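Visitor: I'd like to learn how to read helices and their packing in a model. Could you take me through one?

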Amino acid sequence: MNTVSGRKLGRPTGHRFAMLRNMSASLLFHEKIETTRPKAREVARFTEHLITAAKKQDLSAHRRVSRDLHGTAVRTKLFDVLVPRYKERAGGYTQFILKGPRLSDGAEIGILKLVS
């Protein structure tokens with residue numbers, strides 16, 4: 001995903017994209033992650049683009065998803081489990097539930113999860 005829009009999250013571009021890919025893979029594999037609100041919003045955008053692209057189920061979709069998700073287990077789960085689950089859904093695959101401030105620095109922490 002190479003876009004100009006979005007938050008920088010205080011990281012250089014390569015680090016930011018690597019973080020988004022890793023967090024998205026964790027979200028797709030475990031179906032929920034705990035993170036800060038700004039990171040969650042960016043990971044949700046990134047993940048929703050991946051799920052929407054994967055819903056086509058063709059070679060182009062597999063290559064598009066493989067570009068951003070490097071783990072075969074995550075890709076297998078996306079195409080075999082998650083895409084059939086969201087086949088009829090037009091969007092809104094993620095949900096953020098606010099837990100409260102982090103004790104150390106007061107950042108808003110919450111749980112980003114895939115909706116059922």
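Guide: Here is a short tour of some helices and their contacts. Keep in mind that this is a predicted model.

Visitor: Which residues of helix 2 are buried?

Guide: The general idea first: an α-helix has 3.6 residues a turn, so residues three or four places apart point the same way. Now the case here: the buried residues in helix 2 are Ala 40, Glu 42, Val 43, Ala 44, Phe 46, Thr 47, Leu 50, Ile 51, Ala 53 and Ala 54.

Visitor: And what covers the buried residues of helix 2?

Guide: The cover includes helix 1 (13-30), helix 3 (59-68) and helix 4 (72-85). It also includes strand 1 (32-36), strand 2 (94-101) and strand 3 (108-114).

Visitor: How do I read the packing of helix 1 and helix 2?

Guide: Look at the angle and the distance between the axes. For helix 1 and helix 2 the angle is about 70°, and the axes are 9 Å apart. Angles of 65 to 115 degrees count as roughly perpendicular, so that is how helix 1 and helix 2 stand to each other.

Visitor: Which residues meet there?

Guide: From helix 1, Met 19, Leu 20, Arg 21, Met 23, Ser 24, Leu 27 and Leu 28 meet Lys 39, Glu 42, Val 43, Phe 46, Thr 47, Leu 50 and Ile 51 of helix 2. By type, the residues of this contact of helix 1 with helix 2 are nine nonpolar, two polar and three charged.

Visitor: How do helix 3 and helix 4 cross?

Guide: Their axes come within 10 Å and cross at roughly 140°, so helix 3 and helix 4 are oblique to each other. The crossing is right-handed. Helix 3 brings Ala 61, His 62, Val 65 and Ser 66 to the contact, and helix 4 brings Arg 75, Leu 78 and Phe 79. Those residues divide into four nonpolar, two polar and one charged.

Visitor: Now a single residue. Is Ser 26 buried, exposed or partly exposed?

Guide: Ser 26, which lies in helix 1, counts as partly exposed because its relative accessibility is 30%.

Visitor: What is Ser 26 in contact with, leaving aside its neighbours within four places in sequence?

Guide: Glu 31 and Ile 33. Also look at Val 74: Ser 26 and Val 74 are 48 residues apart in sequence, and 8.2 Å apart in space, C-alpha to C-alpha.

Notes: Residues are numbered from 1 along each chain as its sequence is written. This is a predicted model: local features need pLDDT of at least 70, side-chain atom pairs count only at pLDDT 80 or more; totals for chains, interfaces and linings use all residues. Side-chain values use heavy atoms; hydrogens and water are left out. Buried means under 20% relative accessible area, exposed over 50%, partly exposed in between (1.4 Å probe, protein chains only). Helices (H or I, at least four residues) and strands (E, at least two) are DSSP runs, numbered from the N terminus. Contact means heavy atoms within 4.5 Å. Axes are lines fitted to C-alpha atoms, for helices over the stretch in contact, and angles run from 0 to 180 degrees between N-to-C directions. Angles under 35 degrees count as roughly parallel, over 145 as roughly antiparallel, 65 to 115 as roughly perpendicular and the rest as oblique. Ala, Val, Leu, Ile, Met, Phe, Trp, Tyr, Cys and Pro count as nonpolar, Asp, Glu, Lys and Arg as charged, and the others, Gly among them, as polar. A crossing is left-handed if the near helix is turned anticlockwise from the far one by less than a right angle, and right-handed if clockwise.
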